[in-house]
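Trainee: I've got a model open on my screen and I'd like to learn how to read it. Can you walk me through some features?

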Amino acid sequence: MKKKLGILWLVAIILLSFNACDNGSTSSDDNKGEQTSDPNNPTGSDDTTEDYEDTLDYAVRLFEDLDIDGGIKQINKAYANTKNDTTKMYYALAKLALISTNADTVNFMKKTCGFESYPNKLNSLIDTDWWEDCLKDGFVEKVAKANPQGLNKALNELLKIFTTTYDEVVDISKDMEQSTVTLPEKLIEALELEELFGDSDILAGKAELDVVIAAMGLVKGGLEYISAFDWTFNTSSIKTGMNVDDFITAVQSGTKLLTTTNEDMLAASKKSFLDAVNLAMSSYDYIIGNNKVYPTEIKDTLKEYNIFYEAAKAFKEALEKGGTFYVPDADILELNKWPTSKGSDWLLEIDCGKLFSDGVLDNAVEKDSSGKVNFYTTCDWYYWYLSDEKYEWDESDDSDGTPLAEKFASVHERNVAEIRTKIPENATWPYWNCCTNLLIKVQLPDFITINGIEDNERETFWYVWDEYSDNYDYE
């Protein structure tokens with residue numbers, strides 16, 4: 001059964017999709033932009049042009065056989081031969097799927113991230129064995145080895161790859177009419193787009209594609225935001241089987257971590273977020289507007305979810321005016337109105353004026369006067385033993401945080417030795433456990449306020465390594 005997709009623009013806000021009522025037929029506008037229909041020349045091009053519908057049908061059959069790469073090859077072939085709204089929609093989705101295996105990404109993963117065996121085919125990439133082998137080989141260590149001066153270069157390359165695909169898909173969308181095409185279930189499943197499009201055949205068009213682009217725009221904005229800050233540190237100390245002291249050495253080598261190094265990237269990030277919101281809102285406006293592509297029942301259903309449009313509108317206004325955007329502390333679908341002030345039920349308050357300002361994360365992590373990140377430790381331990389036919393038990397949680405002034409491994413060994421002295425020599429069946437934790441002190445950036453967190457509570461400890469433990473059971 002084909003379904004008319006009517007609310008995919010919501011993905012741009014909360015990655016929520018909704019398949020509206022059944023619609024087994026299309027309007028007269030559905031075929032706008034398609035080339036025509038001489039039975040001997042169905043594509044409307046020269047006699048050597050293959051029927052794009054047959055090619056796309058073949059692609060779907062390949063997807064059914066889980067030949068992802070073969071199916072996408074056929075989509076590319078159909079698009080190269082005939083450019084209409086149907087082939088454009090298929091091709092745009094294929095481009096999104098191929099972002100993980102195109103030549104730039106493969107080169108990035110092999111050379112910039114250190115994964116020499118990274119596959120250039122989707123069928124190989126989605127193979128769980130490859131991912132399991134990847135994790136066994138040490139993901140962090142490989143990336144660190146390939147980026148001895150930190151992550152700035154890798155982030156910039158990743159952003160460039162993502163932006164290239166984004167720009168191409170945007171151009172495809174701009175060249176499309178506001179018509180709808182059928183996307184078969186197997187295509188949706190093969191490209192892993194069920195969360196966006198549901199799990200059955202759907203009728204989708206430019207408005208729905210623009211929602212996917214809007215969601216991509218949010219990701220692009222996020223990458224641009226991260227790339228605006230300094231991620232320089234020396235990773236030469238990090239080896240396979242990385243220990244905690246190697247990790248500390250690497251992090252403390254960066255004395256400008258999280259300082260703003262590219263204000264232009266902050267501005268680009270703000271623009272990407274704003275473009276994404278505008279695109280999502282325009283898709284919504286078109287779907288519920290005066291058009292024959294979407295039936296009345298779809299428009300009425302979508303209007304019931306107007307709360308998401310209010311969210312997009314509030315976010316847009318906050319971005320444009322440097323105002324405050326509130327994230328509600330409630331089930332969004334149960335809201336009657338999006339919160340716009342502290343008088344409403346809200347969880348987060350985001351000051352969009354401060355969000356994109358220079359130095360916004362300078363004090364997010366506590367550092368010393370030279371710019372090195374300060375590390376702290378705590379020790380959680382417990383022990384029990386049998387004495388005079390009674391079980392004795394003791395435990396401690398040193399949660400205040402002690403500045404780390406020596407090797408972390410040495411601190412842990414001292415903690416272990418101290419615990420063992422607490423157990424009487426004549427104890428029977430003793431058992432002890434000691435976990436030494438590594439922490440950093442963080443502070444909520446100025447642009448974020450959390451409901452219920454007082455000003456004196458904005459600074460806290462974060463655990464960054466809490467698996468350094470020993471235990472012993474004398475049994």
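Mentor: Let's go from the whole chain to single residues. This is a predicted model, where local features need pLDDT of at least 70, side-chain atom pairs count only at pLDDT 80 or more, and totals for chains, interfaces and linings use all residues. Residues are numbered from 1 along each chain as its sequence is written, and side-chain values use heavy atoms, with hydrogens and water left out.

Trainee: How many helices and strands does the protein chain have?

Mentor: Helices (H or I, at least four residues) and strands (E, at least two) are DSSP runs, numbered from the N terminus. Here you get 18 helices and 12 strands.

Trainee: And what share of the residues is buried?

Mentor: Buried means under 20% relative accessible area, exposed means over 50%, and partly exposed is in between (1.4 Å probe, protein chains only). Of the 475 residues in the protein chain, 47% are buried. Take Ala 94, in helix H4 (residues 85-97): its relative accessibility is 0%, so it counts as buried. Its C-alpha atom is 8.0 Å from that of Asn 76, 18 residues away along the chain.

Trainee: Is Lys 441 buried or exposed?

Mentor: Lys 441 sits in strand E10 (residues 428-443), and it counts as buried because its relative accessible area is 17%. Contact means heavy atoms within 4.5 Å. Leaving out residues up to four places away in sequence, Lys 441 touches Ala 364, Val 365, Glu 366, Tyr 376, Glu 459, Thr 460 and Phe 461.

Trainee: Which residues form the negative surface patch?

Mentor: Like charges are joined within 9 Å, with Asp and Glu counting as negative and their charges placed at CG and CD. In this model, the patch consists of Asp 394, Glu 395, Asp 397, Asp 398 and Asp 400. Glu 395 belongs to strand E8 (residues 390-397) and is exposed, because its relative accessible area is 52%.

Trainee: What is the phi of Leu 258?

Mentor: Most residues other than glycine have a negative phi. Leu 258 isn't a glycine, yet its phi is positive, about 70°. You'll find Leu 258 in the loop between helix H13 (244-252) and helix H14 (263-288), and its 15% relative accessibility is why it counts as buried.

Technical notes. Patches are made of residues with over 30% relative accessible area and no salt bridge: like charges are joined within 9 Å, nonpolar side chains (Val, Leu, Ile, Met, Phe, Trp, Tyr) within 5 Å. Accessible areas come from the Shrake-Rupley method with a 1.4 Å probe; for residues, only the protein chains shown count as cover. A salt bridge is a side-chain nitrogen of Lys or Arg within 4 Å of a carboxyl oxygen of Asp or Glu.
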